[in-house]
Amino acid sequence: APCGDASAPVKPTTPLISFLESLQSAALATLGPDGFDPKLYVDLPLKTDLAATEEAFARLPRPGGVIPVSDLDRFLGDYFGEAGSDLVHAEPEDFVAEPEGFLPKVENPKVRAWALEVHSLWKNLTRRVSDEVRRRPERHTLLPLPGPVVVPGSRFREVYYWDSYWIIRGLLASKMYDTAKSIANNLISLIDIYGFVLNGARTYYTNRSQPPLLSSMVFEIYRRSGDLAFVKKSLPSLLKEHSFWNSDIHKVIIQDLQGCKHSVSHYYAMWNKPRPETATIDEESASKLASASQKEIFYHQVASTAESGWDFSSRWMSNSSDFTTLATTSIIPVDLNAFIYKMELDIAFFAKLIGDNSTSEKFLAASKARQAAIKSIFWNSEMEQWLDYWLISKSNCEEVNQWEAHYQNRNIFASNFIPLWIETYSTDLCKDGTMVEKVLKSLQSSGLLRVGGIATSLSNTGQQWDFPNGWAPLQHMVVEGLANSVSKEAKSVAEDIAIRWIRTNYAAYMKTGTMHEKYDVEACGKIGGGGEYKPQTGFGWSNGVVLAFLEEFGWPHDREIDCQ
Ligand SMILES: OC[C@H]1O[C@H](O[C@H]2O[C@H](CO)[C@@H](O)[C@H](O)[C@H]2O)[C@H](O)[C@@H](O)[C@@H]1O
C-alpha cells in the first residue's frame with residue numbers, strides 16, 4: 001500500500017462539485033442543522049450553465065454573512081431542478097404484477113399478499129437517466145448510465161454498488177431477469193470508464209468503490225438465465241476489477257508464522273477531503289483536529305470507510321467513542337477478502353465456461369492462495385470465527401508485515417461470519433460438517449442473534465453499522481452460508497434467522513407502510529437508527545432480501561407472520 005497518506009493518489013474534483021459544496025455550506029448557515037441533509041445540495045441538477053449560476057449565487061444578499069431563507073429558496077427554484085429529477089422513473093419492461101412461478105413455497109395468504117406488494121416496489125425504484133444528463137453532463141453530478149437501474153430509495157437517488165447485489169437477488173425472485181442484467185451492465189460500463197465500479201453513480205463517488213460483488217451478480221444472473229453471452233461480455237471487466245482490488249493502493253503483504261507471504265486487500269479511497277455529499281458533517285467532525293495534515297488523514301479514512309459499505313462502525317475505530325480515530329486503511333477486513341476470494345472463484349468458473357482454460361487455471365490458483373490467506377490471517381481457532389487483522393502498531397509502509405496473533409481484532413462483528421457464505425461456493429468448508437458446526441456454535445454464543453435477526457456488532461456507539469442495527473445484506477450472507485452448508489443444525493438455524501428477519505420487516509411494513517434501510521434487531525418490527533443521516537425508506541436491499549428469503553424458505557399456511 002502507498003506509504004502514508006502523503007503519497008496516496010487523489011482523484012481531482014470538478015468545478016460543479018466545488019460550487020455545490022459552497023451552496024451546501026451556505027444552505028446550512030441559512031437553514032440550521034435540524035433536518036439538514038447535505039447530500040440534497042450536491043444532487044441538484046443545474047438549469048443553466050455553471051458560470052451564470054455562480055454569478056447569481058455571488059449576487060445573493062448576505063446580511064450578517066447569511067443568505068435569507070426566501071432568497072435562498074428563490075435562487076434554488078430559479079437555477080436548479082429538483083434533486084433526483086434527472087433520474088426519471090422508468091417502467092421496468094419485465095415487471096408483471098404476479099409473475100408465473102413467483103415464490104412457490106409461500107402458502108400463507110397474508111404473507112403472499114405482502115410479498116406481492118414488496119415485489120411491486122420494483123416499479124417505484126426503477127429509474128433511467130434523463131436525456132438532459134447525456135446532452136449536458138457538466139450540469140449534473142449524476143453519471144449518464146446507459147440503461148435502467150434500481151435505486152435503494154429516498155436520499156439514495158442513484159444506483160449503488162453493493163446494494164445492487166441484493167436488489168438483483170430480489171429481482172431474480174421476481175423473475176425480472178432483464179432488469180437484473182441491466183443493473184449489472186450499468187456497473188460494467190463504469191469499469192469501462194473508471195477501471196472499477198464506483199460507490200454509486202455520481203461524479204462525487206469517483207474516488208472509491210464499495211464491497212466488490214459484481215462477479216456474484218453475474219454468477220446469480222447466469223445461474224437463473226443461462227445467458228452465456230452475458231458472461232462472455234462481463235468477463236474482461238471482471239478481470240479489470242480484479243486488478244483494481246489487487247493494485248498497489250489496495251494490496252498488503254502479510255507473512256504468517258510459517259513464513260508464507262500472503263497478498264491480501266484493504267479499503268483505500270483516492271480522496272483526502274471532506275466527502276462532497278457530507279462535507280458539512282465531515283468538516284465539523286474534523287474541526288477538533290489541529291493541523292491540515294491531520295485533517296487530510298482523517299478525511300482519507302472517512303472516504304476509505306465509505307468504500308467498506310460499513311459507514312460508519314466501531315469496527316474501523318481504534319477508540320469506539322472517538323470518530324476521528326477511524327483507521328480503516330490499517331485494517332485488513334475479513335469480508336473484503338472473502339468477496340475477492342469469491343470473485344476469483346467466479347472468474348475461474350466463467351473463464352472455464354467460455355473455454356478460456358488458462359485464465360481459469362490462473363484464477364483457480366489465485367482463489368486457492370486467497371483461501372489459504374483467509375485461513376492463516378483471519379481464522380481464530382479459539383473463537384472459531386474469522387477476525388479482521390489490524391496493521392495499526394506498525395508502519396503501513398512496510399513491504400512485508402509480520403503476522404502477530406494479538407493484532408486480530410477480537411471484537412464481535414457480523415462480518416466475522418461472512419467467510420462461511422463464500423465457502424459454500426467453494427465447497428471445501430461446507431463439506432466439512434464439524435467445521436460448520438463449530439462456526440455455528442460460535443455464532444450462537446456470540447450475542448449477535450437477537451429477536452429481530454443478526455446484530456451488526458455488540459457495541460452501541462450510535463453509529464449505524466453497530467448494535468442494535470441489523471442490515472439486510474448481513475442477514476442474507478450469514479443465512480445463506482448456514483443454509484447451503486452440509487450441517488442440518490446450521491440449516492435449521494438459518495431458517496430461524498430468516499423467519500425472524502421476515503417477521504420484523506413485515507411488522508414494520510404494516511406499521512409504517514414502507515420497507516426500511518435497516519432495522520433494530522432488539523425488538524420485532526422496530527426500525528433502525530443512528531448514523532449521520534435520517535433512516536431511509538424504500539428500500540432496495542431490504543426488499544431484495546425478503547424476496548430471496550421467501551423464495552428459499554417459503555412460508556407455510558399455519559406459520560404465524562405477526563411478531564411472536
Ligand atoms: O451519504 C453518506 C453515505 O451514504 C452511503 O452509505 C450508506 O448507504 C448506501 C446506500 O444504501 C449503502 O451502500 C452503504 O452501505 C450505507 O452505509 C454511501 O454509500 C456513502 O458513500 C456515503 O458517504
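The model is predicted, so to speak of local features a pLDDT of at least 70 is needed, while side-chain atom pairs count only at pLDDT 80 or more and totals for chains, interfaces and linings use all residues. Residues are numbered from 1 along each chain as its sequence is written, and side-chain values rest on heavy atoms, with hydrogens and water left out.

Side chains of opposite charge can pair when their charged atoms come close. Here a salt bridge is a side-chain nitrogen of Lys or Arg within 4 Å of a carboxyl oxygen of Asp or Glu, and that rule gives a count of 32.

One of them joins Glu 158 to Arg 202, at 2.6 Å from N to O. Glu 158 sits in the loop between strand 3 (149–150) and helix 7 (161–173), and Arg 202 in the loop between helix 8 (177–194) and helix 9 (214–225), so the pair ties together parts 44 residues apart in sequence. (Helices, H or I with at least four residues, and strands, E with at least two, are DSSP runs numbered from the N terminus.) Glu 158 is buried at 0% relative accessibility, and Arg 202 is buried with a relative accessible area of 0%; buried means under 20% relative accessible area, using a 1.4 Å probe and protein chains only.

Through shared partners, salt bridges link Lys 39, Asp 43, Arg 157, Glu 158 and Arg 202 into one network. Within it, Lys 39 pairs with Asp 43, their closest N and O atoms 2.6 Å apart, and both residues are buried.

Then there's Lys 518, which bridges to Glu 517 with the closest N and O atoms 2.9 Å apart. Lys 518 and Glu 517 are both buried.

Technical notes:
Buried means under 20% relative accessible area, exposed over 50%, partly exposed in between (1.4 Å probe, protein chains only).
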